[in-house]
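Here is a short briefing for a first look. Keep the model open as you read.

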Amino acid sequence: MCLRKRSGFRPPDRIHAEIYTGPTPAERGGELVMGRAHSETSALSGTGRGRSQTTTQNSQRSNVCCFCWCCCCNCSTTEEERRRRGRRKKISQDTKMETIPNCEACTKPSVEEMRLWSQSFDKLMRNPAGRNIFREFLRTEYSEENMLFWLACEDLKEEVNKNAIQQKARCIYDDYVSILSPKEVSLDARVREVINRKMQDPTTLAFEDAQLQIYTLMHRDSYPRFLSSTIYRSLLHGGPAAPSHS
């Protein structure tokens, strides 16, 4: 009875009635993550609901240009790629990712061949030794997954067995397209929607638009820095040879 006479005292039942019982910010964040993961799972399983959820969530992303490889467009893809690269750098340092990946089989390039790589990005990418060197450079920028994705798409195009095509397509999706992957490549909402539609019945061209977008990203963003890099300049001046496998 003495406690009830004190100023400001409220009965316990009233106190409990005012306690907030809704979801905490952490719970709301978890619901958002689970919602995005469920959208990707539905896209792979072939449900229309999955496609609808993916479209809604992609529309909430940053308003990037649908045609980010257009030369007259200054979209935010490059800035997004820089942010992703920073996150991958931390992941690589924290988890000690693989140090030396398998290179493509190639012969040692001549100095003349290596000089041709500076003439165009196409000439660099058509040469296995050039791709190996460029891939080594991308590793220093923590963006090697761009080349790995492009190579995986090229490998998919050579496949003829339907079951193998579906299996490889799903592996590519999980490794490079899924938002849950640490090696996710930078793709805009339009391209992701195209991929989700094609994944209902994947073919060798399921990632055609995405491959072009990543190719253009490497061309415009990484290739100019590669030409002025120590890795490339040392090769032109008689430095260590390009990595190769006989």
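Rings of Phe, Tyr and Trp (its six-membered ring) pair if their centres lie within 6.5 Å; planes under 30 degrees apart count as stacked, over 60 as edge-to-face and the rest as tilted. A search of the whole structure finds 11 such aromatic pairs. This is a predicted model: local features need pLDDT of at least 70, side-chain atom pairs count only at pLDDT 80 or more, and totals for chains, interfaces and linings use all residues. Residues are numbered from 1 along each chain as its sequence is written, and side-chain values use heavy atoms, leaving out hydrogens and water.

**Aromatic rings**
- Phenylalanine 121 and phenylalanine 134 form an edge-to-face pair, because their ring centres are 5.5 Å apart and their planes stand at 75 degrees.
- Phenylalanine 121 lies in helix H6 (residues 121-126) and phenylalanine 134 in helix H7 (residues 128-140), so the pair ties together parts 13 residues apart in sequence.
- Phenylalanine 121 and phenylalanine 134 are both buried (under 20% relative accessible area, with a 1.4 Å probe and protein chains only).
- Ring pairs join a cluster whose members include Trp117, Phe121, Phe134 and Trp150.

**Overall fold**
- The protein chain has 12 helices and zero strands (DSSP runs, numbered from the N terminus: helices are H or I with at least four residues, strands E with at least two).
- Buried residues make up 37% of the 246 residues in the protein chain.

**Helix H9**
- Helix H9 covers residues 162-177, which is 16 residues.
- Buried residues in H9 include Ile165, Ile172 and Tyr176.

Key:
Buried means under 20% relative accessible area, exposed over 50%, partly exposed in between (1.4 Å probe, protein chains only). The expected span of a helix is 1.5 Å times one less than its number of residues.
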